[in-house]
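Let's take a walk through this structure together. Keep the sequence and the 3D view open as you read.

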Amino acid sequence: MTSIIEVKHLTKRYRTATALDDVSLALDEGKIYGLLGRNGAGKTTLMSILTAQNFATSGHVRVFGEDPYENARVLGRLCFVRENQKYPERATPPQAFRTASYFYPNWNQRLAERLVEEFQLPTDRPIQRLSRGQLSAVGIVIALAARADVTFFDEPYLGLDAVARQVFYDRLIEDYAESPRTIVLSSHLIDEVANLLEHVIVLDRGRVVIDAAADDIRGSAFNVVGDATAVAAFAVGKQVLRKQTLGNVTSVVLKGQMSESDKVRLARSGVEVAPVSLQQFIVSSAAQPDRGDAWGTDGPPAKVEARQLVRNGGAR
Amino acid sequence: MVDDSKALFLQIAERVEDSIVDGSLAEDSQAPSTNELAAFYRINPATAAKGIALLVDKGVLHKRRGIGMFVAPGARRALIEERRAAFASTYLEPLAAEARKLGIDVDELIQLLKERFSERTKA
Amino acid sequence: MTRVTNVMRLQLMNRQSYVIVPLLVLGGAALLALAIFLLVPYDGPKYAVMAAAAPLWAFLVVGVQALTLSFPFSQALGATRRDFHLGTLLTAAMTSAMLAIIYLAISLVEKATNGWGLNGYFSTPGLDGDAPLAAFASYFVLAMLCFLVGYWSAAVIKRWGTVVLISALVGVAIALTVASLLLVRFGAMQAVAEWAVAQGALGLDAWGLLLVVVLAATSFLTLRRITQ
């Protein structure tokens, strides 16, 4: 796998805050990446720096092996439609699409037209008079039809209704299958996009907290709910990501796979096992304030004592 | 649809296996392509490809050069046997646990099962 | 070169702003001027210089919008700042030339019709049908200067914010005022006026072009590090 984007110890500091803190990443060619995290986690800042629209305080970035700043060779292969992208306002969507097509040799006009139809985009109205959702649709049309080697989507679906969002996801998969390229999709709607992603990067307060293949994350944790004592007994020796109690009932999110013997034990003791979605996993991982290490690196997992669980679980 | 309890590619593989077991995907017929699976389940094509690769490794599917993936002869029988072997732990353990919780004893359980089976053969 | 022409096409997406609005302003101002010529009961030459200048102010706004509306879109499409700058300036030059040609045409018509038969002139003496090259060059240079002032101001705002721009403009105003006061104080105003006259219209245009180049350079340096 060739790394086409390399980020090494990237830090971005503003006077009052640190937007990115020692971020290091390597993005491979041809994968769909999810860049996830809460608002303000640093996702947009990262993408802006990768496309030379913002500058690092320290550390460096290489796209296709080169510094992207003022580098036409590199920048011409990128497309970045922002969350609140500004367009020449008095132009109509078709004019914007035609202009975009000049910049991208692989522009897919048929896809653009199809998307305009599916999003029901008005074609005779100037962009400044479009609704928020229609504005997002314009951005999606451009970013998808451009077929750039690396496409960045920054929360592309704001204002789109559920049907339109699904159109976006479906066309994204379809066009990606037809014309594979690197896609970076930033989102805070994790569950909706989870199945589209091949690799997941999660930022929290400017730091990378998860950087792993989506398939590795799925099924890597599970939610065990039941009687406090039984759950505590089961959780011994396993890494607890999150614990909640309600009376005598404890719910824990445990990291690790479930073995056959686990399954048997659980079935017998009447404890329920529920799947943990990508969103729950990410939320649970971020809940620990000192969790600075990226998931997937080795590091001693915190093992939980049964006593500790029961004590905190409010045994009556 | 697909859920999060286990890796997506495993679920995709299972779905394809399901359709082989229930007969909707016949042996020697062409399996759905990676892109078709991706579009249908709305998942990343690479994930779908992983699921297919798993089935190829397992011998359930084989590749015919230049054409695509086909269901291997004997795959259905092999899958049924595999599932029979896991039947007890997958279905019977939870069944027994729930029955115990509700105070349903073995004889009652057998009676219930008999009723279900005769219903199904009638229908 | 294709990249630069792509930026020009991007700018001309706003054909309305670049071309139509200045023309409308010019047309409207001309009509207004003609109306005044008709109404004023004076047979001597009448000049409506402000009307001729109106499109120039519109062009200043065009300069602002060339940056505020088109720069972000060009960045989304992967254009470098250099290509954006060159493409935008070329578009501005094209449009300035177009406006200058129209002004020249008006000047020539006025000369031929003795001020539209009303002895009323849109064009300025010295920059009229009698001095066509000066007319064209001066209008062109003034248009470019107006564009660049708008363009550069917008770049400053985007990079450092409005406060910095206002401070800079105030600073420039103060510097010019102080310079003028000093010139008057030392009785040098006369010398400056004589020098200007000696340069002639074309000479001043050359100095104007120099200023255009300087503004083009400073605005590029400013927009090189705009962040979004």
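The paragraphs below go from chain contacts to charged pairs and then to aromatic rings.

A word on the ground rules before we start. This is a predicted model, so local features need pLDDT of at least 70 and side-chain atom pairs count only at pLDDT 80 or more, while totals for chains, interfaces and linings use all residues. Residues are numbered from 1 along each chain as its sequence is written, chains are lettered from A and ligands numbered from 1 in the order in which they are written, and side-chain values use heavy atoms, with hydrogens and water left out.

Let's begin with who touches whom. Contact here means heavy atoms within 4.5 Å. There are 2 pairs of chains in contact, and chains A and C share the most contacts. Chain B and chain C, on the other hand, do not touch: their nearest C-alpha atoms are 25 Å apart.

Now zoom in on where A meets C. Chain A puts in 30 residues and chain C puts in 30 residues. The size of an interface is often given as the accessible area lost when the parts come together. For chain A and chain C the buried area (the accessible area, with a 1.4 Å probe, that two parts lose on being put together, summed over both) is about 2,700 Å², and carbon and sulfur atoms give 57% of that. Across this interface there are 13 residue pairs in polar contact, both residues being at pLDDT 80 or more. A polar contact is a pair of N or O atoms within 3.5 Å; within protein, one must be able to donate a hydrogen and the other to accept it, and residues adjacent in sequence count only if both atoms are side-chain atoms. On the side of chain A that touches chain C, the elements giving two or more residues are helix 2 (72-75), strand 5 (78-81) and helix 3 (93-103) of chain A. Helix 3 of chain A gives the most there, with 6 residues. Helices (H or I, at least four residues) and strands (E, at least two), by the way, are DSSP runs numbered from the N terminus.

Next come the charges. Side chains of opposite charge can pair when their charged atoms come close. We call it a salt bridge when a side-chain nitrogen of Lys or Arg is within 4 Å of a carboxyl oxygen of Asp or Glu. Over all chains the count is 26 salt bridges. Between chain A and chain C the count is 1, and you can find Arg81(C) and Glu70(A) meeting in a salt bridge at 4.0 Å, N to O.

What does Lys50(B) form a salt bridge with? Its partner is Asp215(A), with the closest N and O atoms 3.4 Å apart. Lys50(B) lies in helix 3 (residues 45-58) of chain B and Asp215(A) in helix 8 (residues 214-217) of chain A, so this pair joins two chains. Asp215(A) is buried at 9% relative accessibility, whereas Lys50(B) is partly exposed at 36%. (Buried means under 20% relative accessible area, exposed over 50%, partly exposed in between, with a 1.4 Å probe and protein chains only.) Lys50(B) also has its charged end over the ring of Phe9(B), 4.6 Å from the ring centre. That label calls for NZ of Lys or CZ of Arg within 6 Å of the ring centre and within 35 degrees of the ring normal.

Chain C has a salt bridge of its own between Asp83(C) and Arg3(C), at 2.8 Å for the closest N and O atoms. The two sit 80 residues apart, Asp83(C) in helix 5 (residues 81-113) and Arg3(C) in helix 1 (residues 2-12) of chain C. Asp83(C) is buried at 3%, and Arg3(C) is partly exposed at 43%.

Last stop: the rings. A pair of aromatic rings is described by the distance of the centres and the angle of the planes. Rings of Phe, Tyr and Trp (its six-membered ring) pair if their centres lie within 6.5 Å; planes under 30 degrees apart count as stacked, over 60 as edge-to-face and the rest as tilted. The whole structure holds 15 aromatic pairs over all chains. One of them, Tyr103(C) with Tyr139(C), is stacked, at 4.6 Å centre to centre and 10 degrees between the planes. Tyr103(C) is in helix 5 and Tyr139(C) in helix 7 (residues 132-160) of chain C, 36 residues apart. Both Tyr103(C) and Tyr139(C) are buried.
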